[in-house]
Amino acid sequence: MKERIEYLVNLLNEANYNYYVLDNPTITDQEYDKYLKELEKLEDEYPEYKSDASPTQRVGGQVISKFEKVKHDKPMLSLPDVFNEEEIESFYNKIINAGISPHFVCEQKIDGLSVSLIYKKGILYSAATRGDGTVGENITHNVKTIKNVPLKLRKDIDIEVRGEIFMNKETLNKLNELRAKEGLPLLQNCRNAAAGSIRQLDSKVARERNLDVFIYHLPNPEDYKINTHYEALKFMEELGFKVNTKWNKLVTNLSEIKEYINNLAKERENLQYDIDGVVIKVNELNAQKQLGFTAKYPRWAIAYKFPNEEVYTKLEDIIFTVGRTGQITPNAVLDPVIVMGSTISRATLHNEEYVKMLDLKIGDIVAIHKAGDVIPEVIRPLIERRTGQEKDFEMIKNCPICGSSLVKKDGMVDYFCINDNCPKRNIEVLIHYASKNAMNIEGLGEKVVEDLYNMKYVLNIDDFYHLEKYKEELKLMEGYGKKSINKLLENIENSKNNSLERLLFGLGIPNVGSKTAKIIAKKFNTMDNLINANIDDLINIKDIGQIIAKSIKDYLNNNIDLINRLKNLNINMTYTGEKEKFNEFITNKKFVITGTIDGISRDEIKNFIENNGGITSESVSKKTDVVIVGKDPGSKYDKALSLDIEIYDENKIKEIMQKNE
């Protein structure tokens, strides 16, 4: 029975590979179903012989309670976007001018979501989203339902590969036909549909969505004695992964890169899936290593984005919104129109000067697109289509919510409502506190927070933690039952355990973003220490200047009652993240890294510096304490020498890091 089960597993996996990866079926659907039923029956009778490589694991049905966080062994870096030929030429010339004469690999930029797949001894072990590049979410239960993701490789090896999960156009159309019949809202585009499917707690939903994947990156090619990216693509294909062989092309020069882009642009509409550009990578891995990384991106790859789709619609009105700082923002109310798969009816107009610069009038036909394929943006009026019925734009003088006179602060283009009791400002403060990057209270979206404020259940931040007393009243809110209310109250209670930096950011201290909040939390460790610190203590921290220091002290002095109320509610007031270590070569120093250091990535050095109380920066200035110099340094090295800044060479930084282990 064990041998029969193994035979069926191998036979069905091979059939899946031939059908879904090679598009070359070797057995009929009827035969496949017959063998699968036999396998299911045998596995039920002999569960001790059931393996993770079995195609029965694709059936779906696993339901998880939440998505667990996963830290990537190597960061999943994004690529720098470029938008025209000039930027492509600049990328190419920088590489040539560095004395490198590489080949390039051109690939389609699939419009989906990134995934990391890890295999142990050839068996799928885990799958994770990109997340913020460092930490993603475990989506293994859903990825197992994707039929061209191999559960077992053609070699029994340990490996990580990365790729793009997507939904093809035909699947989206069929799905929307079904949703229309059921009276459900339609899915706007393939990318959002794929992302929503892969983040379902119930894997049956993902299975029914018929997702697809292309694998395009091998993070550790040196482990397999591979010398080029193109070899890595071939290697991954040989292991059984679906690689975009038809459109992955090895080219030798700028002319061939442009030719690839032009050919793909012509074929774009005929593809079965959405793409939004072309990825261009240096092929030789030695050249990639030599070029290295910036803080955010590899220097050896770019993503060329196709020109944004531009559509026309009517500017019906311009309305004004109030932010948590009181900033007034004009917003375009548009006749709803679909742009790149999304229905757009609103777009920010930033400020008065932006509206005047575009010469917008209410009633204009305007051109809009999605900036960077994401944010809807009004780019110009079609003046030739004016009828004379359009109305001039006028900046308001009073807050649209509370009626207070607006103030234009010195040196700023924005107007502000300075009424501390303005309801809209208060609502925005509450929304910010609960938001993902702050206290991350799931279930407290903008609409919910606004309703809670209007019903006077939550008027101040600390009122979130007294919602329990309105439990019966909450049941009367649309969409809220006993289960969802209990979950919301549980999420609010759990937020009490957040580390100090989340609280500091959530409080909305002017000029304090999430990064600054973390620096402060690490430095002072507790809220009491921060409250007792003086302006000089704050200014002495790298990158905390006079303005930020004053903002912090003013906020703490003016809001001490709120902080004490939060303390009494047992809100954590201590930094619980990775503790800052003291290192005589690193602590309290500001670093810039230039060049490539063998065996250590720039991110590893950066993390080491920050975990030991140092600060990293991208540019050399008089405030820089140390420049770390690797092979082929750029102009930063020259500037460091001219400013007589201390230099750590490759050997020194490696020695410092090794001693710290």
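**Rings and buried spots**

Reader: What relative accessible area does Phe464 have?
Author: This is a predicted model, where local features need pLDDT of at least 70, side-chain atom pairs count only at pLDDT 80 or more, and totals for chains, interfaces and linings use all residues. Residues are numbered from 1 along each chain as its sequence is written, and side-chain values use heavy atoms, leaving out hydrogens and water. Buried means under 20% relative accessible area, exposed over 50%, partly exposed in between (1.4 Å probe, protein chains only). Phe464 counts as buried because its value is 1%.

Reader: How many aromatic pairs does the structure hold?
Author: Rings of Phe, Tyr and Trp (its six-membered ring) pair if their centres lie within 6.5 Å; planes under 30 degrees apart are stacked, over 60 edge-to-face, the rest tilted. By that rule, the total is 16.

Reader: Which residue pairs edge-to-face with Tyr304?
Author: The two ring centres are 5.9 Å apart, with 85° between the planes. Tyr304 is buried at 10%. Its partner is buried too, at 5%, and that partner is Phe306.

Reader: How many residues apart are Tyr433 and Phe464?
Author: These two form a stacked pair, 6.0 Å centre to centre with 10° between the planes. Tyr433 is in helix H12, while Phe464 is in the loop between helix H13 and helix H14. Helices (H or I, at least four residues) are DSSP runs numbered from the N terminus. The pair links distant parts of the chain, and the separation in residues is 31.

Methods
Helices (H or I, at least four residues) and strands (E, at least two) are DSSP runs, numbered from the N terminus.
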